[in-house]
Amino acid sequence: MSGPECCKNPPAISSGGESGKVLQIASLNSYVSGKPDSKIAVLLVSDVYGYEAPKLRQVADKVASAGYYAVVPDFFNGDPMTSEYEIDDWLRKHTPEQVVEFAKPLIQALKEKSITRVGAAGFCWGAKVVVELAKYGEIQVAALLHPSLVTLDDIKGVRVPIAILGAELDKQSPPELIKEFEAALVANEVYHFVKIYPGVGHGWTIRYNDDDAAEVKSAEEAHQDLVNWFVKCL
């Protein structure tokens, strides 16, 4: 399921100011942050707006500050969602299934650089990619933030620790669906953390309104919860 919420409040393209840099990993441009000699990597899989979104890169910097090698790949090869696209046209061009195949060699390349464990966080559209990686053992820990396209059957297939951070006002993954996800994880005895943040909507963790103090506070809380989840499980 996709809709107008996925395109609400599009980010500006990054103009610098982050702690990291762009490198090429397994033929993909990737924003990386943190110590390259870290043994643990965390992939951050973007929403439809891609890896140059400043607030996504800021989340990567926060993850890196906990001691991880944070990697935000350009899985869209320079073709993120823009106003020139209709969302359905863009989604047909960039499917999560394709991106999973791009992610596998990237993860292998990280392991060849002495990375021993890999976690992944997916935002909106990116959550579908992460849940697929979690179903097939490509990663050790997963996190989904205001997920889109993720189904109950997807969650039933997860066998690694997973966090799901949902929004009270999210029509893509409403609280009722998030609770169904949680029930499935409980039934399958999968270690998990599920939280629904009040008063916020889809995409808020990386597309919050800077002028909305409550939204900013909620986003920062979610960022810290994300970091804490990886600290606990990776």
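## Lys55 and its partner

Lys55 has a relative accessible area of 17%, and is therefore classed as buried. The structure described in this report is a predicted model. Within this model, Lys55 makes a salt bridge with Asp210, and the closest N and O atoms of the two residues are 3.2 Å apart. Lys55 belongs to helix H1, whereas Asp210 sits in the loop between helix H7 (204-207) and helix H8 (213-233), so the bridge ties together parts of the chain that are 155 residues apart in sequence.

The two partners differ in their accessibility class. Asp210 is exposed, because its relative accessible area of 52% is over 50%. Lys55, by contrast, is buried, because its 17% falls under 20%.

Glu18 forms a salt bridge with Arg57, with 3.8 Å between the closest N and O atoms. This pair also links distant parts of the chain: Glu18 is found in the segment before strand E1 (21-25), and Arg57 in helix H1 (residues 54-65), 39 residues apart. Arg57 has a relative accessibility of 6% and is therefore counted as buried.

## The link between helix H8 and strand E8

The side chains of Asp225 and Lys195 also meet in a salt bridge, with an N to O distance of 2.8 Å. Asp225 is located in helix H8 and Lys195 in strand E8 (residues 192-197), so this bridge ties together parts that are 30 residues apart in sequence.

Asp225 is buried at a relative accessible area of 16%, while Lys195 is partly exposed at 23%.

## Salt bridges overall and a network

The count for the model comes to 12 salt bridges. Among them are the pairs Lys55 with Asp210, Glu18 with Arg57, and Asp225 with Lys195. Side chains of opposite charge can pair when their charged atoms come close.

Salt bridges also join several residues into a network, whose members are Lys128, Glu132, Lys135 and Asp154.

## Cysteines

The number of disulfides in the model is 0. A disulfide would require a pair of cysteine sulfur atoms within 2.5 Å. Cys124 is buried, with a relative accessible area of 0%. Cys233 is likewise counted as buried, at 13% relative accessibility.

Technical notes
Residues numbered from 1 in each chain as written. Predicted model: local features only at pLDDT ≥ 70, side-chain atom pairs only at ≥ 80, totals over all residues. Heavy atoms only, no water. Buried < 20%, exposed > 50% of the residue type's maximum accessible area, 1.4 Å probe, protein only. Salt bridge = Lys/Arg side-chain N within 4 Å of Asp/Glu carboxyl O. Helix = DSSP H or I, 4+ residues; strand = E, 2+ residues; numbered from the N terminus.
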